[in-house]
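Look through the structure first, then read on.

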Amino acid sequence: MTWHETERGWLADALRAADPDDPTLCEGWQARHLAAHLVLREHPGAASSAVRGGLAAATERLAATASDPEGYAALVDRFAAPPPRWSPVAWAGDAVNATEYFVHTEDVRRGAGAAEPRDLPDDLAEVLWGQLLRMAPLRLRRLGPGVVLVRHDDVRSAVHAPRAGHGAVVLRGDVGELVLAVSGRLQAADVRVDGAPDDVAAVRDLLTGP
């Protein structure tokens, strides 16, 4: 079994533990909206109709069917079942889904406030670290300050070079927390941010959600 399959189960469990209207870290989305997003992402037929009518509207419509416990449970069960084999998401495996599922699990877990970071298996942490190093340069490309990521075991990577007039900002934390920070959820991540005040402010402005 690959890690995205395991993480699908964890994400489904997190959604089942939430109420349909529980907040998430995704702006404007309750748990039922996140479940709707996941279903639309994975099922080609649903996604095709969403594109025709607008993805945001399709998400709202599907989330509306999950406003009661029964409808919500049915929607979560639909996500919990793997997508059809012809779905692009099914082909992508860990490369597309591992970080997606990890981040959305934390969106649910931490939506209502602080939650203890999960103790991730070492193999999963390495998968997430590799994906983070590919994602971070694109995510940070417009920053003036440079960014160095430092794991809890002191493995580090400079993922963005500083521009003229700026120094480097160092983000320190467990791999999962660094993934959350770089994905725009710094406010919910257990990450230490070090650097010159103006540079730190610029990083926080980019990586902190509403």
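Two aromatic pairs are counted here, where rings of Phe, Tyr and Trp (its six-membered ring) pair if their centres lie within 6.5 Å. Planes under 30 degrees apart count as stacked, over 60 as edge-to-face and the rest as tilted. Trp3 and Trp10 form a tilted pair, because their ring centres are 6.3 Å apart and their planes stand at 40 degrees. Phe79 and Tyr101 form an edge-to-face pair, because their centres are 5.7 Å apart and their planes stand at 80 degrees. Phe79 lies in helix H5 (residues 69-80) and Tyr101 in helix H7 (residues 94-109), so this pair ties together parts that are 22 residues apart in sequence. Helices (H or I, at least four residues) and strands (E, at least two) are DSSP runs, numbered from the N terminus.

The model is predicted: local features need pLDDT of at least 70, side-chain atom pairs count only at pLDDT 80 or more, and totals for chains, interfaces and linings use all residues. Residues are numbered from 1 along each chain as its sequence is written, and side-chain values use heavy atoms, with hydrogens and water left out.

How exposed are the ring residues? Buried means under 20% relative accessible area, exposed over 50%, and partly exposed in between (1.4 Å probe, protein chains only).

| Residue | Relative accessibility | Class |
|---|---|---|
| Trp3 | 22% | partly exposed |
| Trp10 | 29% | partly exposed |
| Phe79 | 1% | buried |
| Tyr101 | 0% | buried |

Helix H7 also packs against helix H2 (residues 31-42). Their angle is about 165 degrees, with the axes 11 Å apart. Axes are lines fitted to C-alpha atoms, for helices over the stretch in contact, and angles run from 0 to 180 degrees between N-to-C directions. H2 and H7 are therefore roughly antiparallel (angles over 145 degrees). The contact (heavy atoms within 4.5 Å) involves Leu34, His37, Leu38, Arg41 and Glu42 of H2. On the H7 side it involves Val96, Asn97, Glu100, Tyr101, His104, Asp107 and Val108.

Another ring carries a charge. The charged end of Arg151 sits over the ring of Trp129, 5.0 Å from its centre. The rule asks for NZ of Lys or CZ of Arg within 6 Å of the ring centre and within 35 degrees of the ring normal.

Trp129 is also touched by Ser157, as are Leu133, Val147, Val148 and Leu149, not counting residues up to four places away in sequence. Ser157 is in strand E2 (residues 156-160). At 18% relative accessibility, Ser157 counts as buried.

Notes
Parallel < 35°, antiparallel > 145°, perpendicular 65-115°, else oblique.
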